[in-house]
Amino acid sequence: MMQCAVFETTEALESNREFNEPTVLAMPESLFTFEYRNGESVRQPQGVELANLEAVHEEALRSAIGMLDDTGGQEGWAVRVRDRNGKIVLSIDFDEAKQDEAAAE
């Protein structure tokens, strides 16, 4: 997974020189936080930037399939994804991961 940096434009840098204040860039809309469930515990690493919801879905599904061997017969959600505001935008459950894994074989 790759993380991206946002660079200021020359115009923004010049405007900072005039006011001598740092430029504060807004958080990108494409920042997503993944939550991984294993039993009663939930792991939530630092958010990552992804291009769109299709990329989010692909990464969440890939992750859920990768978790299947470690989670046994667990049911319910495996991976949830939140946008930068904390709203859940995607949820992959263990059944969906099992079905997708079986279809790929």
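**Entry 1. Helix α2**

Why are Arg-62 and Glu-59 separated by about one helical turn? I looked up their positions: the two residues are three apart in helix α2 (residues 53-71), so about one helical turn lies between them. I took helices (H or I, at least four residues) and strands (E, at least two) as DSSP runs, numbered from the N terminus.

Before going on I noted that this is a predicted model, in which local features need pLDDT of at least 70, side-chain atom pairs count only at pLDDT 80 or more, and totals for chains, interfaces and linings use all residues. Residues are numbered from 1 along each chain as its sequence is written, and side-chain values use heavy atoms, with hydrogens and water left out.

The side chains of Arg-62 and Glu-59 form a salt bridge, with N to O at 2.4 Å. I used the term for a side-chain nitrogen of Lys or Arg within 4 Å of a carboxyl oxygen of Asp or Glu. I then checked accessibility, where buried is under 20% relative accessible area, exposed is over 50%, and partly exposed is in between (1.4 Å probe, protein chains only). Arg-62 is exposed at 52%, whereas Glu-59 is buried at 13%.

**Entry 2. Ser-63**

I looked up Ser-63, which is also in helix α2. Ser-63 is buried, with 10% relative accessibility. Its side chain reaches the backbone oxygen of Glu-59 at 2.9 Å. Apart from neighbours within four places in sequence, I found Ser-63 in contact (heavy atoms within 4.5 Å) with Tyr-36 and Val-79.

**Entry 3**

How many salt bridges does the structure hold? I found three.

Arg-80 and Glu-35 meet through their side chains in a salt bridge of 2.9 Å, N to O. Arg-80 sits in strand β4 (residues 77-82) and Glu-35 in strand β1 (residues 31-38), so this pair ties together parts that are 45 residues apart in sequence.

Arg-82 also forms a salt bridge with Glu-35, and the closest N and O atoms are 2.8 Å apart. This pair, too, links distant parts of the chain, with Arg-82 in strand β4 and Glu-35 in strand β1, 47 residues apart.

Is Glu-35 buried or exposed? Glu-35 counts as buried, at 6% relative accessibility. Arg-82 is partly exposed, at 22%.

Technical notes
Polar contact = N/O pair within 3.5 Å; in protein donor to acceptor, adjacent residues only side chain to side chain.
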